[in-house]
Amino acid sequence: MKDINTTTVKQIYRQPQEYFNKRLTLAGWIRSNRDSKAFGFIELNDGSFFKNIQIVFEEEKLDNFKEVTKLGVGNAIIVDGILVETPNAKQPFEIKAESIQVEGYCPSEYPLQKKRHSFEFLRTIAHLRPRTNTFSAVFRVRSILAYAIHKFFQERDFVYVHTPIITGSDCEGAGEMFRVTTLDWNNLTRNDKGEIDFSDDFFGRETNLTVSGQLSAEAYAMAFRNVYTFGPTFRAENSNTPRHAAEFWMIEPEMAFADLYDDMALAEDMIKYIFSYVLEHAPEEMEFFNKFIDQGLLDRLNNVINSEFAHVTYTEAVELLKKNNDNFDYKVEWGTDLQTEHERYLTEHVYKKPVFVTDYPKEIKAFYMRLNDDGKTVAAMDLLVPGIGEIIGGSQREERLEILDQRIRELGMKEEDYWWYRDLRKYGGTRHAGFGLGFERAIMYLTGMSNIRDVIPFPRTPKSAEF
RNA sequence: UCCUCAGUAGCUCAAUGGCAGAGCACUCGGCUGUUAACCGAGGGGUUACUGGUUCGAGUCCAGUCUGGGGAGCCA
């Protein structure tokens, strides 16, 4: 097959003067086709760029003019033509076609139309929705954001650690897990108590998909000092909300010789860096979101980037929120977790910018968070941002083995299940801290998309794994 | 898992318990610069599924399935 030496639409938009009045070959898909008696216009998208380019075709130039007028949305074509400036038209330039060849026909029952579709409908055709404007923008931003995250950490000499996806640890403690097994469930071996015998299983023990890479990351932080994970995470919770999926990605940095303040400084730097990076590298997409998805988007993101994040302790926050208790569905009281309505009130009305809430009661936080001197609170932090509430949760970890053991016992857990995690404290353990950022939550915040199912290519949610 | 709303043409939606409709899309025709092009004509339906009430059900009732939103859980 002959190579197609094509110019991309992105190249043309970025440096049009390089291509004016030259003959180019473009390859792409028809987004719209309007024809008159002797000429017509095709909106072509070649995948390289968010925007389309207009192709003008004329009867006297094309021997297959009649065929081209019949090509509807979705047809894949190869276009030869001259790029010309169109200073008086809506678009800055267009291609005057010399030839148009069909690469792949698209019949008229193609489900995508020129007009707007509901996101609900597009979820039922998840294999075709990347061809729409919104999803083209969402998934290009997803890619750029992933790169920005790596770039941020790599520039600061953090080591990227691939923590396991299959875990033998049943004590990650963040919700229901998916079991991984090769056992034949029609023929299970059971012991005399009727329990399944996992010694016959592939790994010789019960294994699951990971719900967090944090415990493994702590081990690597004790060797490399600053590390981060960025990978898939699985939760078998029956959560039916626009913010939860069974398979999602998380970013979890972990730093040795660092306390809660170092942790918060890192989180603030990271958020500002990755948001700025996407705004700079996907301007067309971000403008589209601001116009069609969420009209306050750019103002909100710029406010995050340009403000100094606020800090408040949980105890202080509770006092602030109590003054407004009449307006909350759930009344605030010291010792209870903050609801989304409380978080949003703090960040949107009290501070009007991102705010770290720190030092939560130990009862509502995980066992590994470092106990404060008051004996009642732990060195935890949540970053709340206007628009959604919590976007990051982190903590300084408990590095003192005797106190960690005490917490493990208080919560009815078994020390031996955490033997290697406890070793990290035994052998040269240092103060250390880290946090978790839900990758999809960050994409949602950046794009204004309100459903997590619309920022994952093929989302997995309860009762849904069609693709 | 709980609460709540919805399911009618390919899509987005109408239709008081009384003949199943529109716009867009699609097919055909027209139009010499369109921009969600425009103008004319045409085809297109197991009203999610099962049962019930009724002379008569898209509409009322019960159950099931699927989807949206809220809650819980959390990222």
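Which residue forms a salt bridge with D454, and how far apart are the closest N and O atoms? The partner is R129, with the closest N and O atoms 3.2 Å apart, where a salt bridge is a side-chain nitrogen of Lys or Arg within 4 Å of a carboxyl oxygen of Asp or Glu. This is a predicted model, in which local features need pLDDT of at least 70 and side-chain atom pairs count only at pLDDT 80 or more, while totals for chains, interfaces and linings use all residues. Residues are numbered from 1 along each chain as its sequence is written, and side-chain values use heavy atoms, with hydrogens and water left out.

**Salt bridges**
- The structure holds 27 salt bridges.
- D454 lies in the segment after α13 (439-447) and R129 in the loop between α3 (119-123) and α4 (133-155), so the pair ties together parts that are 325 residues apart in sequence.
- D454 is buried at 1% relative accessibility, and R129 is also buried, with a relative accessible area of 1% (buried means under 20% relative accessible area, exposed over 50%, partly exposed in between, with a 1.4 Å probe and protein chains only).
- D405 and R422, both buried, meet through their side chains in a salt bridge of 2.6 Å, N to O.
- A network of salt bridges links D405, R409, E415 and R422.
- K61 pairs with E58 in a salt bridge whose closest N and O atoms are 3.3 Å apart; K61 counts as partly exposed at 35% relative accessibility, as does E58 at 24%.

**Loop residue**
- I165, in the loop between β6 (159-160) and β7 (166-167), counts as partly exposed at 39% relative accessibility; helices (H or I, at least four residues) and strands (E, at least two) are DSSP runs, numbered from the N terminus.

Key
Chains are lettered from A and ligands numbered from 1 in the order in which they are written.
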